[in-house]
Structure formats: C-alpha cells, structure tokens
Amino acid sequence: MATDTSIDSARLLREQYKDGSNLSARIRLHQRFSTNRYGQMRWMFDRIQLPDNARVLEVGCGTGLLWRGRPQVPGGWRVILTDMSDGMLRETRGSLAQLGHSFSYMQTDAQAIPFRDESFDAVIANHMLYHVPDIPRALGEVRRVLKPSGVCYAATMGLANMKEMDELAARFFSIPRMTESTARFGLESGEAYMRGAFSEVKLERYPDSLVITEAAPLMDYICSMRVRTRVSDEQIAALRTHVENEIAKHGEIRMTKDSGLFIARR
C-alpha cells in the first residue's frame with residue numbers, strides 16, 4: 001500500500017513536471033553559465049554509438065533536450081520518445097518538429113514499458129531515474145526491451161552537483177537539499193542498480209562547473225523548484241537579496257557540477 005509520503009511525492013512530481021516550464025528554467029541556467037562549452041547533451045550524444053538502422057527508445061524524455069540541434073541523427077534511426085507528462089510530450093513534439101527527423105511519441109511509465117521483449121538497440125534514460133519510484137523495476141523493463149546486443153545510456157548527477165545550491169537552501173529555506181535527490185540514483189549509488197540489471201557497466205564523467213554572473217537566471221532556477229520545496233515569498237526575497245549582493249561584490253557565483261553517464265550492456 002502506498003504511504004501518504006509516497007502519494008504526496010508523486011503528486012508534487014506531477015505538478016512539477018506537468019509541462020516543460022520548470023525544467024526549461026533550469027536548463028537555461030546551465031546553457032548560459034556552464035564553463036564547459038562543448039555541452040553535456042552533445043557530449044552524451046557522441047557516446048551513443050549505434051547502427052544506422054537502430055531502434056531507439058528514450059524514457060522520460062522531458063523537453064527533448066538531447067535531440068535539439070542534432071541534424072546528425074541518422075535518418076535510419078527509429079526514435080520513440082516517451083514521458084509520463086503529456087504536457088512535456090506536447091512541448092517536445094513542437095520543439096523537435098523542425099529537425100526534419102521523424103520521431104514517435106508516447107505517454108508512458110518507465111516502470112511498465114509497453115513494448116515487446118528485445119525490440120530496441122538502445123534505451124536512453126537522461127537524468128530521470130532518480131524520479132522513478134521503483135528503480136530496479138524500471139531497469140528491469142529497460143533490460144527486457146533491449147536486444148541482446150543493446151545498450152542502456154543512463155545519465156545522472158553526483159552528490160556534489162550544485163552543492164552550493166544546497167548550502168543556500170539550508171541557510172535561507174531551512175531545508176537540507178534544493179537540488180535533485182541524486183542520493184536515490186546518482187553517480188555514487190547508480191552503479192549498484194545498473195549492475196543489478198546489466199552484466200557490463202561503465203561510468204563516464206562530464207567535467208563542468210557554473211560561473212553565474214547574473215542574479216535573475218539563478219533565481220528563476222530556484223523559483224522553478226518552489227512547488228517541491230514549498231518556500232515562502234519572504235524566504236525567496238531574502239535569498240534574492242543575498243544573490244544580488246554576492247554578484248555585485250564578487251562579479252560571480254561559482255557552483256560545482258558533477259554529472260556523468262552510465263553505459264550498460266545486457
């Protein structure tokens with residue numbers, strides 16, 4: 001039986017990702033102020049090595065960030081993008097419409113993938129497994145739908161990721177963490193889950209950091225998470241004043257980034 005806490009968490013997650021607006025605010029911060037200008041999505045896409053006629057499934061595709069600006073998507077790839085949120089899928093369909101690649105879309109749960117066994121060359125889980133209630137079940141489903149030669153690409157973050165954000169959350173909001181709950185499936189904890197489902201697992205890390213020189217984008221990021229954290233207007237105002245003062249004094253706010261990609265085979 002589901003507990004009150006799990007029901008509330010699921011409700012907040014649905015509210016948080018009912019469309020792409022909150023996620024987009026976070027993406028914009030990284031796009032503008034990341035020091036590694038190569039780009040994590042480009043770096044990740046480089047590692048997806050598949051045949052020209054591959055069948056590819058992305059679970060929890062969000063706003064389709066991985067595929068934006070990717071004219072090199074092989075024309076023979078059959079790509080199916082799925083997400084729990086119908087609002088996300090609508091926005092993704094719109095944002096990818098001009099790419100010239102024929103994507104398919106489906107609203108579905110990663111814990112119950114509605115495709116037959118051994119039907120995909122690759123399954124991508126891009127920064128989403130920490131949201132899944134039953135991670136082993138989801139990875140079992142991923143393994144089931146992969147061909148014997150198939151590959152799972154699962155991106156996530158480490159516990160040090162944006163640790164400075166958590167320090168601000170503890171100071172101004174009296175909550176321990178503002179950033180994603182990577183303790184559930186992160187660079188430190190994810191390997192055990194991956195090895196529970198796959199025989200071969202490799203982790204590659206993406207080096208990066210944030211140097212933020214404007215207060216507004218950082219505050220947009222923080223406010224995008226208010227549904228989950230339930231902070232007050234007064235707390236937000238106090239943090240905004242602090243951020244503006246820090247940037248005025250030092251010219252920037254630096255934040256740690258710690259992310260990477262598990263590459264796994266059956």
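Begin by selecting Glu200, which stands opposite Arg265 in β7. The model is predicted, so local features require pLDDT of at least 70 and side-chain atom pairs pLDDT 80 or more, whereas totals for chains, interfaces and linings use all residues. Residues are numbered from 1 along each chain as its sequence is written, and side-chain values use heavy atoms, without hydrogens and water.

Next, select β6 together with β7 (residues 253–265): the two strands pair in the antiparallel sense over 13 bridges. Strands are DSSP runs of E, at least two residues long, and helices are runs of H or I of at least four, numbered from the N terminus; two strands pair if DSSP finds at least two bridges between them.

Now display the whole open sheet, whose 7 strands follow the order β3-β2-β1-β4-β5-β7-β6 with mixed pairing. Because β3 (103–107) and β6 (200–212) each have a single partner strand, they stand at the edges, with one side of each lacking a neighbour in the sheet. On average, neighbouring strands are turned by 15 degrees against each other, direction ignored.

Finish with Met162, in the loop between β5 and α6 (163–173). Its phi is near 50 degrees, a positive value in a residue other than glycine.

Terms used
Axes are lines fitted to C-alpha atoms, for helices over the stretch in contact, and angles run from 0 to 180 degrees between N-to-C directions.
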